[in-house]
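Here is my note on the model you sent. Please read the points with the structure open beside you.

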Amino acid sequence: MSVDPNAVNSSSGPGLLSRVPVLHWLRTQLFSSPLNTLLTLLTLWLLLATVPAIIDWVFLKSTITATSAQECRKVTGACWAVIVEKHRLILFGVYPYEEQWRPLLATLLLLGVIILSGIRRFWNLSLLVFWLIALTGAAVLMWGGVFGLTHVENSRWGGLPLTLMLSTFGIAFAFPLGIALALGRRSNMPAIKTICIVYIELIRGVPLISLLFMSAVMLPLFLPEGLTIDKLLRAQVAIILFAAAYMAETIRGGLQAIPKGQFEGADSLGLTYWQQTRLIVLPQALKIVIPPLVGLFIALFKDTSLVVIIGIFDLTQAAKAALVDQSWRGFSIEIYVFISAIYFVFCYSMSKYSQSLEKRLATEHQR
Amino acid sequence: MANAIISMQDVNKWYGKFHVLRNINLEVASGERIVICGPSGSGKSTLIRCINRLEEHQKGRIAVEGTEITNDIRHVEAIRRDVGMVFQHFNLFPHLTVLQNLTLGPIWVLKTPKAEAEARAMKYLERVRIAEQASKFPGQLSGGQQQRVAIARSLCMDPKVMLFDEPTSALDPEMVKEVLEVMVKLAEDTGMTMLVVTHEMGFARKVADRVIFMDEGEIIEQNTPDAFFDHPQNERTKLFLSQIIH
Amino acid sequence: MMNLKNTVAAPAPKKNFSWNNPATRAIVYQVLAVALVGGVGWYMVHNTLHNLSVRNITTGFDFLTREAGFAIGEGLITFTPADTYQRAITVGVLNTLRVALCGILFATILGTIIGIARLSKNWLVRTVASVYVEVMRNIPLLLQLFFWYVIIIETMPGPRKAFHPLAGVFISNRGIQIPSVHGEGLTWLLVGLLLAVLLSLTLRVWARRRQDQTGKIFALGRSTLVLLLVTPALAWWLSGTQMSLDVPELKGFNFAGGLTLSPEFAALLFGLVIYTSAFIAEVVRSGIQSVDRGQWEAAGALGIKNSLVLRLVVLPQALRVIIPPMTSQYLNITKNSSLAVAIGYPDLVSVINTTLNQTGQAIEGILMIMAAYLTVSLSISFFMNWYNKRIALVER
């Protein structure tokens with residue numbers, strides 16, 4: 001015989017506030033104690049002070065249909081018309097207008113392979129093949145010059161495809177380098193270990209921007225006279241070297257998490273070092289570090305925005321380019337908000353995916 | 001029962017819609033040893049955790065030594081000083097030595113001077129036969145040793161009642177014995193009131209004054225150990241006893 | 001029973017230089033690796049020297065003593081275009097330190113509050129904090145910097161119509177003006193503060209000793225607070241010296257007096273603080289959550305009050321988990337301050353970049369940048385390792 005907690009009762013039983021679900025929730029979640037009540041009121045005040053103004057600006061008083069800057073300036077809210085006007089410039093940079101289907105396709109290709117990498121069914125060697133196809137495909141599409149596609153100088157690449165390419169190629173090439181560095185750092189050979197440690201600590205100790213400067217300014221000096229590498233490639237190399245150091249540390253964490261017994265078991269079977277590493281150690285280590293690696297990719301995606309400082313036209317730079325048009329001067333905030341939204345959608349979805357992946361992998365481990 | 005040290009009247013508790021304690025009525029006399037058993041999910045841990053307010057009951061009345069447990073924090077603190085608890089997973093403080101684990105409560109709650117607290121701690125460490133580990137950290141001890149330290153830690157507060165929440169369930173079989181021995185010794189040498197949630201029926205037979213069987217939030221049956229184990233009355237009790245080996 | 005006197009020492013290992021000996025192979029690999037790295041390095045150096053001589057650029061750091069010839073927008077020490085490059089770089093270093101230290105301070109405070117808010121029982125507080133963290137973490141820092149800079153420059157009113165939230169504080173598109181304190185009285189105030197700190201430390205020792213002996217607990221927190229407030233004021237009052245408040249005033253088209261936080265500094269600081277506080281909030285939250293619930297329960301079961309449980313049991317364990325990633329966030333603030341070059345704040349990278357462009361001494365410039373940041377990050381790494389070893393939980 002149980003007592004219905006929602007029934008009316010005298011003594012210390014559940015009272016009126018517990019009977020009505022909404023009121024009950026309000027009471028426990030928002031007003032359960034004097035301190036809590038104070039916090040709720042404070043937060044509400046903060047929200048009321050800021051949110052209505054923001055909603056006003058973003059939605060209510062904004063315009064999306066204005067056809068010129070003068071019309072927009074008359075509106076007190078946001079001028080989303082500038083996005084409508086400039087979105088192709090923002091998204092694709094100064095890529096020739098008629099050929100913009102190519103960066104679009106390249107972007108979809110890269111996004112496709114990233115999403116594919118997230119689906120567990122594809123976690124085997126075929127993934128490698130997909131990556132190769134996607135990377136070469138994207139490069140061919142952007143560059144042209146073959147298969148009847150007109151050649152497009154990479155100084156005209158820009159916007160979202162460029163950001164995506166820089167991060168994807170960066171991670172793709174940094175991955176094997178990172179694995180090599182991580183294994184080298186754990187090696188018993190002092191010379192190799194030292195080289196790896198020096199590299200990793202050096203790169204991790206300095207900001208990406210100094211590496212980008214180095215690539216822009218010093219790399220030409222390192223090369224023999226007459227040999228030049230174009231700016232974009234230099235930046236890409238800097239990004240790869242940067243990412244490799246951070247990946248190495250993350251992978252090293254995964255290697256450290258593998259119990260000693262695994263190595264001993266592999267040894268007892270007579271496997272060589274490289275066989276062990278390839279068949280037993282790396283598969284387990286990489287599985288462990290997938291969530292932090294996704295985090296690295298998200299961080300790299302955000303960090304590519306720095307190439308704007310050395311004059312490469314990525315998504316962030318696109319904002320500045322869109323503003324160069326004097327007629328639409330003064331609407332930088334709208335543009336920054338638009339670009340922020342793109343970054344946010346991308347990074348947030350990746351990080352949510354990573355969290356769910358982590359949960360799933362953790363519960364499996366517990367069996 | 002007059003002068004009951006613990007008195008629970010019509011205690012009910014819900015987790016959301018789940019009715020976990022149903023009309024619990026229990027009187028514990030001072031110096032009594034009670035073993036509470038039952039299938040998992042029966043609410044036995046919840047019952048004893050209500051006694052030191054680690055869980056809150058929604059209906060009914062719980063009183064320890066005449067002080068009723070309410071939302072008044074001072075009552076709760078007073079009761080916790082007199083009620084000691086030993087947890088299934090020991091819950092020792094890993095960043096403090098064994099000695100510091102034991103003196104933390106006396107120094108900060110009972111305001112005992114340090115030297116006196118340490119002397120008392122060593123006394124109880126000797127009682128549970130682990131005095132030589134005083135300067136070690138919990139991470140350096142085995143499970144059985146940690147649980148004995150946990151028992152000593154509660155004893156350092158000089159409680160009137162000791163609650164044990166499945167104290168040996170997380171231990172390897174060979175360590176269960178050492179902890180049970182300490183608990184038996186505690187029962188035999190002192191007049192401590194003990195409420196023990198456990199599956200160790202040998203312990204119940206040896207030490208308990210009363211065995212209580214709980215199922216689905218209710219007290220189904222309670223009796224002296226011999227009567228309980230040899231002549232169970234209720235069908236559910238019989239079913240439960242047939243399922244455990246004792 | 002073994003008679004130890006009769007044991008023979010183990011024979012020395014045979015040296016066998018065949019390929020099958022892993023030791024030999026190790027040596028060969030290492031020699032190859034060093035040769036490769038050394039070879040590449042030598043090749044690069046050779047090319048560099050050649051390229052530099054072709055462009056008529058000398059190597060070496062003598063250029064530091066030459067006249068700079070450019071102006072720096074703001075700094076803690078005076079600088080004119082007639083000063084040396086060396087002084088310019090010093091200004092840059094000081095600017096970096098200024099924004100990094102302020103950033104670390106405010107980001108820690110804001111991040112800790114938000115991290116704790118994420119664990120609040122209050123749904124509203126918890127949700128607002130979560131939204132903040134997710135939004136700020138997923139937008140690039142550079143973009144946030146641009147955003148804040150644009151807000152200050154474009155949407156803030158001119159000095160004549162500046163926002164006036166508190167007495168003496170003005171917010172306009174020229175930056176933020178706050179009152180500053182001058183005069184001898186200031187020195188006495190600081191002396192008093194120092195005294196207060198020393199006194200509270202002594203009080204702490206005395207209180208601990210008293211508790212050990214008698215068991216009585218002393219209200220240390222409240223006393224320290226009173227000391228910190230009263231002693232400096234007392235010191236100033238007794239000294240009888242003057243202390244004046246320099247309040248910014250609108251003179252003509254701009255403000256005079258008081259302390260000016262330039263738009264660049266303000267934007268950089270806001271951006272850094274808001275971006276990093278999101279990460280710090282996560283660090284604090286996971287640190288507090290890492291402490292098992294059983295620890296709260298066990299300490300509570302002993303009768304210890306919640307505030308004491310936090311101080312004695314939970315926080316020590318939580319800090320172990322919090323401090324390593326926290327210092328790495330501090331490092332990030334320092335490194336991220338280099339983004340200042342994008343919005344025109346004259347930090348270390350920005351100044352050296354200008355120097356580099358003017359003198360062509362690219363190698364030296366970049367080396368200086370890397371040396372500066374490496375010093376900071378290696379010392380922080382060093383400290384981290386030392387701290388980790390010291391507080392590691394002792395286990396079997």
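1. Start with Leu212(A). Leaving aside residues up to four places away in sequence, Leu212(A) touches Ala235(A), Ala238(A), Ile239(A), Leu306(A), Val307(A) and Ile310(A). Keep in mind that the model is a predicted one.

2. Leu212(A) belongs to the largest nonpolar core, which has 204 residues. Within that core, the residues that touch the most other members are Leu212(A), Ile335(A), Met8(B), Ile36(B), Leu47(B) and Leu195(B). Another core, of 49 residues, lies apart from the largest one. Its members include Val35(B), Val179(B), Ala204(B) and Ile220(B).

3. How many disulfides does the structure hold over all chains? The count is zero. For Cys37(B) the reason is distance: the closest cysteine sulfur, in Cys50(B), is 19 Å from the sulfur of Cys37(B), and this is too far for a bond. A disulfide would need the two sulfur atoms within 2.5 Å.

4. Are Cys37(B) and Cys347(A) buried or exposed? Cys37(B) has a relative accessible area of 0%, so Cys37(B) is buried. Cys347(A) is buried too, because its relative accessible area is 1%, and the cut-off for buried is under 20%.

5. Now the contact between chain A and chain C. Chain A contributes 55 residues to this contact and chain C contributes 57 residues. Together the two chains bury about 4,800 Å², with 73% of that area on carbon and sulfur atoms. On the side of chain A, Leu221(A), Phe222(A) and Lys302(A) supply 13% of the area buried against chain C, more than any other three residues.

6. Polar contacts are present, however: nine residue pairs between chain A and chain C are counted, both residues of each pair being at pLDDT 80 or more.

7. Chain B also meets chain C. Here 30 residues of chain B are in contact with 29 residues of chain C. The buried area between these chains is about 2,700 Å², of which 62% is on carbon and sulfur atoms. Phe93(B), His95(B) and Trp108(B) account for 26% of the area that chain B buries against chain C, more than any other three residues.

8. Across the interface of chain B and chain C there are two salt bridges by the rule. The side chains of Arg49(B) and Glu297(C) form a salt bridge, with an N to O distance of 2.6 Å. Six residue pairs are in polar contact between chain B and chain C, again with both residues at pLDDT 80 or more.

9. Last, the domains of chain C. The domain assignment gives domain 1 as 23-56 and domain 2 as 85-137 + 272-391. Their C-alpha centres lie 37 Å apart.

Conventions: Residues numbered from 1 in each chain as written. Chains lettered and ligands numbered in written order. Predicted model: local features only at pLDDT ≥ 70, side-chain atom pairs only at ≥ 80, totals over all residues. Heavy atoms only, no water. Core = buried A, V, L, I, M, F, W, Y, C linked by side-chain atoms within 4.5 Å. Buried < 20%, exposed > 50% of the residue type's maximum accessible area, 1.4 Å probe, protein only. Contact = heavy atoms within 4.5 Å. Domains from an automatic or database assignment. Buried area = accessible area lost by both parts, 1.4 Å probe. Salt bridge = Lys/Arg side-chain N within 4 Å of Asp/Glu carboxyl O. Polar contact = N/O pair within 3.5 Å; in protein donor to acceptor, adjacent residues only side chain to side chain.
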